[in-house]
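Please look over the structure shown here, and then read the notes on its chain contact, its symmetry and its charged pairs.

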There are 2 protein chains.
Amino acid sequence: VVQLEINQLKKLLTDIFLSLGVNSEEASIVVGSILEAEISGVESHGLLRIKPYVKRIENKLMNTQPNIQIVNDKDSIIIVDGDNGLGQVVAHKTLKICFERLATRNVILASVRNSNHFGMSGYFSRKAAEKGYIAIVASNASPTMAPWGGIDPLLGTNPVAMSFPVTRYDNFTLDMATSATARGRIRTFERRGEEMPVGLAIDKYGKDTTDPQAALDGGTVLPLGQHKGYGLSMFLDVLSAGLSSASLSYETESMFQANRVSNIGHFFLLIKLDGLIDSDQFKERMEEWFHILKDSEARPGFEEIMIPGEIEQRKLNQNYSTISINKKTHDEIMKLRERLL
Amino acid sequence: VVQLEINQLKKLLTDIFLSLGVNSEEASIVVGSILEAEISGVESHGLLRIKPYVKRIENKLMNTQPNIQIVNDKDSIIIVDGDNGLGQVVAHKTLKICFERLATRNVILASVRNSNHFGMSGYFSRKAAEKGYIAIVASNASPTMAPWGGIDPLLGTNPVAMSFPVTRYDNFTLDMATSATARGRIRTFERRGEEMPVGLAIDKYGKDTTDPQAALDGGTVLPLGQHKGYGLSMFLDVLSAGLSSASLSYETESMFQANRVSNIGHFFLLIKLDGLIDSDQFKERMEEWFHILKDSEARPGFEEIMIPGEIEQRKLNQNYSTISINKKTHDEIMKLRERLL
């Protein structure tokens, strides 16, 4: 691992995106999302994504000056066209539109097309919870998971994040892939040279494997809870891409390839409490509930009951000025600096 | 097992509910839901629920003449008070209100309080898909699952069902508990005298167990995918009970006890396609997708790739006139007949 100053790293990453024609506001959105993932321990959506993002921009497969707009508007549900912008930029803009809508209503849904990989879903649902909203944020993804009982990667590990506000806790954020593991976590195992536990992935013959290389080389990740993750992935594909006419997961290419436009879809659902119920009372009740859960007895082998999102939030709250990053990832970024800056 | 004529069984069950003061329309809703669960193979939400429902009505813990009403109305999101009616009756009425709302809008959310166990979630989401809507239907439930890493049953195995319409397929219906297994399935293992696979439940000491009796006797079911099912259960508790001010799962009692009112909460989200996108095109696209999934290669050990809901729907479509039911369940119902009719 390599230890880096976060501020310096942030400036470096921003400069890389600026050098590719991304404007400064949008560069700051993308870098913010990637750094938050890395700092909160979600490496799979952190710095290892920089290289493929750069490659897609250089291959003119992502639009650095997108004209993001609402193409269908039914007040409480909108369809957004991301004009092939960077996923984080499209998602950020969509979230902003949702926030504006919530000034005059209690519910907004958005389904988004023509977007790209948007990083960590929880980054966006957490922002909504910080504003006091209940939120679901989902996306489809490139096909890396077989239907339950199958071998062919026809589904994404389509992630979904859910957040809600609490009085003193930062919030609740569940951020999960619909696979038994995130594909990025298999890449992390590979990068660290570690074996995986069984049950996460199959090889290209449909057999269980603990070798990350076998899983990545023509194999697929297994769905969360067998048929359940399979069904969840399909349903999120429908909300993200079926509603918006984006590509379904099976119609997209891997984000680590860079041959054609992604046309990834996203989905947002936000609920405003104010005007519907007493939001302070709601948040207090959630707070109380968290304490009951945390004060309950732990199983042998567990030190503490954690609230979903608590581990990540603790890391973010530490506000360290440095971060240790994987050597291979570090080298990739240094090469980009050399070439682009 | 005992073989019974479905029509005769339906009449018998309806007569039992009528004898308890449930009116005929509502009896037909409850019996319809229970029989559909039993026929489609979801025994855990089928006939074994009859006895506890009867007990709760007899103990005056469920209201057979509920005045179900909207208590908060923001057009696209409503809070419904079920007046302690039978869960199926409250859910049916709420669904009807949602259908009415969708005549003039594309999205409706409902959070419901003062309700009871409503049976199989998929029964309601499937009805919405039959009308052409995309639907999510969820409920909280009595506390039978510990937080991830814990022992104390503070969470429900809160079920959620998701459906969407397809051209020629009946529809897509994913109906799942947020636990590794439904608590009812453990009861089914117990009733059949079978061992469970490991990973479904822990005993009262927090240890893994394969004995259904040990799991039911002070043990808890494990969450789906460890922390994921834990987070999902919490989030569904919030949508069902946090929003509506129903009891959170930990505040309710087991539905197999009958000492106090449940105050269970439900959640509904329905999306109308017409007016938003071309619904015929959407359904055709889904149909095409299903064929691509079904035509893909199966893993060794699997005969066929199934679409979520397909197994249940096939059973329903067979339209058998008889059904075989568990002997113990049959005896329970016969005793109720003797006592009540």
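The report that follows describes a predicted model, beginning with the contact between its chains.

## The interface between chain A and chain B

The size of an interface is often given as the accessible area lost when the parts come together. In this predicted model, chain B and chain A bury about 6,500 Å² between them, and 73% of that area lies on carbon and sulfur atoms. B:Phe235, B:Trp289 and B:Arg299 together supply 12% of the area that chain B buries against chain A, which is more than any other three residues provide. Counted by residue, the contact takes 77 residues from chain B and 77 residues from chain A.

Polar interactions also cross this interface: there are 24 residue pairs in polar contact between chain B and chain A, both residues being at pLDDT 80 or more, and the count of salt bridges between the two chains is four.

## Elements that line the contact

Which elements give two or more residues to the side of chain B that touches chain A? They are the strands E3 (77-81), E4 (107-115), E5 (133-139), E6 (160-164), E7 (172-176) and E11 (264-272), together with helix H8 (227-242) and helix H9 (279-294), each of them in chain B. The largest share of this side comes from H8(B), which contributes 12 residues. By residue class, the side of chain B that touches chain A divides into 52 nonpolar, 16 polar and nine charged residues.

## Symmetry of the two copies

Two copies of a chain are related by a rotation about an axis and a shift along it.

A:Ile77 has its place in strand E3 (residues 77-81) of chain A and counts as buried, because its relative accessibility is 0%. Leaving aside residues up to four places away in sequence, A:Ile77 touches A:Asn72, A:Ile108, A:Leu109 and A:Leu243 in chain A, as well as B:Asn106, B:Val107, B:Ile271 and B:Leu276 in chain B. The C-alpha atoms of A:Ile77 and A:Ala110 are 5.6 Å apart in space, although 33 residues separate the two in sequence.

A:Asn114, found in strand E4 (residues 107-115) of chain A, has a positive phi of about 50° although it is not a glycine. A:Asn114 counts as partly exposed, with a relative accessibility of 24%. In chain B, B:Asn114 is likewise found in strand E4, and its phi is near 50°, a positive value in a residue other than glycine; at 24% relative accessibility, B:Asn114 counts as partly exposed.

## Salt bridges within the chains

Side chains of opposite charge can pair when their charged atoms come close. A search of the whole structure finds 34 salt bridges over all chains. One of the pairs within chain B joins B:Glu287 to B:Arg168, the closest N and O atoms being 3.7 Å apart. This pair links distant parts of the chain, since B:Glu287 lies in helix H9 and B:Arg168 in the loop between E6 and E7, 119 residues apart. B:Glu287 counts as buried at 3% relative accessibility, whereas B:Arg168 is exposed, with a relative accessible area of 57%.

B:Lys294 takes part in a salt bridge with B:Glu304 (3.1 Å, N to O). B:Glu304 lies in the loop between H9 and helix H10 (310-317), and B:Lys294, 10 residues apart from it, is in helix H9 of chain B. B:Glu304 is partly exposed at 34% relative accessibility, while B:Lys294 is buried, with a relative accessible area of 17%. B:Lys294 also forms a salt bridge with B:Glu310, the closest N and O atoms being 2.9 Å apart, and this pair links helix H10 to helix H9 across 16 residues. Both B:Glu310 and B:Lys294 are buried. In chain A, salt bridges that share partners join A:Lys294, A:Glu304, A:Glu310 and A:Arg314 into one network.

Note on methods: Residues numbered from 1 in each chain as written. Chains lettered and ligands numbered in written order. Predicted model: local features only at pLDDT ≥ 70, side-chain atom pairs only at ≥ 80, totals over all residues. Heavy atoms only, no water. Contact = heavy atoms within 4.5 Å. Buried area = accessible area lost by both parts, 1.4 Å probe. Salt bridge = Lys/Arg side-chain N within 4 Å of Asp/Glu carboxyl O. Polar contact = N/O pair within 3.5 Å; in protein donor to acceptor, adjacent residues only side chain to side chain. Helix = DSSP H or I, 4+ residues; strand = E, 2+ residues; numbered from the N terminus. Nonpolar A, V, L, I, M, F, W, Y, C, P; charged D, E, K, R; others polar. Buried < 20%, exposed > 50% of the residue type's maximum accessible area, 1.4 Å probe, protein only.
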